[in-house]
Amino acid sequence: ELLFFRAFIGLIAITIIMAPRGWRLLIPKRPGLQLVRNLFHVSAQYCVFFAVILIPLAEVTAIEFTVPLITALLAAPLLKEKIGRHRWIGMIAGFIGVLFVVRPVFETVPPAMLIALFGAVLFSCNTILVKVLSEVEDAGTMVFVMNVIQTLVLIGPAIYVWTTPEWHHVPWLLMLGLSGSCTHYCLSRAMAIADTSIVLPLDFLRLPFIAIIAYMVWGETFSPWTAVGAAIIFGSSYYAIMRERRKG
């Protein structure tokens, strides 16, 4: 139901934004690939939403940060991207930082952790397809089509488990839908003008922000492992980006 509201609210927002630019932009050039991409994406989102319910938010986010490494491994053969030494160093160091965050949990490995890892693999497949589609599709078109497909895919399951939201839920649902569409628009634009292995390490910066928010809002504490891992992740991202800028 949360995923449905996210897609439906996003659909309304992107339709209002895209309408003045002309309805032709709402028609995708590669509808089949759009469908495949969104099936990967909605499945990945479900894995993450499911995991967030059961394990701490910072740990789920840390697991998601395996996506750049998995994506880079896929991008090299599939997209023919050349991944230089500095990018590899940055991504591997970032992955080591993620291991610092989740290390205490690996002793038991709850099912939710495995589901989050599976979601990371699905997100990597989705990211590869975003890069392919960004060569021919406008970013706004991709976000519009994403919300159309995901609204249609999710409406049946959402009705099956439906619980009517209360009024105090509305601002949070609006924030969920609008931030989701904004995020994907920015990602699609970034993918159109830069390699995936440059864009994705910047996503590591989410971890310290999420750890702080989770502590302030829900009282979720994070161990020294999380702090060390976050520092490694930030440092590796900064290193990779700065080296690429000097090369550029």
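Reader: What share of the 248 residues in the protein is buried, and how is that word defined?

Author: Buried residues make up 44% of the 248. Buried means under 20% relative accessible area, exposed means over 50%, and partly exposed is what falls in between (1.4 Å probe, protein chains only). This is a predicted model, in which local features need pLDDT of at least 70 and side-chain atom pairs count only at pLDDT 80 or more, while totals for chains, interfaces and linings use all residues. Residues are numbered from 1 along each chain as its sequence is written, and side-chain values use heavy atoms, leaving out hydrogens and water.

Reader: What is the mean pLDDT of the protein, and where is confidence lowest?

Author: The mean is 83, and 93% of the residues reach 70 or more; pLDDT is the predictor's confidence in each residue, from 0 to 100. Helix α9 (residues 196-199) has the lowest confidence, with a mean of 68, whereas α2 has the highest, at 93. Where pLDDT is low, the predicted coordinates should not be read in detail.

Reader: What makes a stretch count as a helix, and how many helices does the protein have?

Author: Helices are DSSP runs of H or I with at least four residues, strands are runs of E with at least two, and both are numbered from the N terminus. By that rule the protein has eleven helices and zero strands.

Reader: How do you know what radius of gyration a compact globule would have here?

Author: The globule rule is 2.2 Å times the number of residues to the power 0.38, and the radius is taken over C-alpha atoms. For 248 residues the rule gives a value near 18 Å; the protein has 18 Å, so the two agree. Along the principal axes, the C-alpha atoms fill a box of roughly 45 × 45 × 25 Å. Of the contacts with a separation of 6 or more, 89% are between residues 24 or more positions apart; contact means heavy atoms within 4.5 Å.

Reader: What makes a set of residues a nonpolar core, and which members of the largest one touch the most others?

Author: The members must be buried Ala, Val, Leu, Ile, Met, Phe, Trp, Tyr or Cys residues, joined through side-chain atoms within 4.5 Å. The largest core has 14 residues, and Ala 51, Ile 55, Val 60 and Phe 123 touch the most other members. Helices α2 (31-54), α3 (57-64) and α6 (111-133) each supply at least two of its residues, with the largest share, six residues, coming from α6. Apart from this core lies another, of ten residues, including Phe 65 and Val 101. As for Phe 123, its contacts beyond four places in sequence are His 41, Ala 44, Gln 45, Val 48, Glu 64 and Val 67.

Reader: How do you know whether Thr 151 is buried or exposed?

Author: With a relative accessible area of 9%, Thr 151 is buried. Thr 151 also lies in α7 (residues 139-160), and its side chain reaches the backbone oxygen of Asn 147 at 2.6 Å. Beyond four places in sequence, Thr 151 is in contact with Phe 4, Ala 7, Phe 8 and Leu 11.

Reader: And what makes Ser 134 buried?

Author: A relative accessible area of 11% does, so this residue is classed as buried. Ser 134 sits in the loop between α6 and α7, and a polar atom of its side chain lies 2.7 Å from the backbone oxygen of Lys 131. Ser 134 and Arg 189 are 55 residues apart along the chain, with their C-alpha atoms separated by 7.6 Å.

How values were computed:
A polar contact is a pair of N or O atoms within 3.5 Å; within protein, one must be able to donate a hydrogen and the other to accept it, and residues adjacent in sequence count only if both atoms are side-chain atoms.
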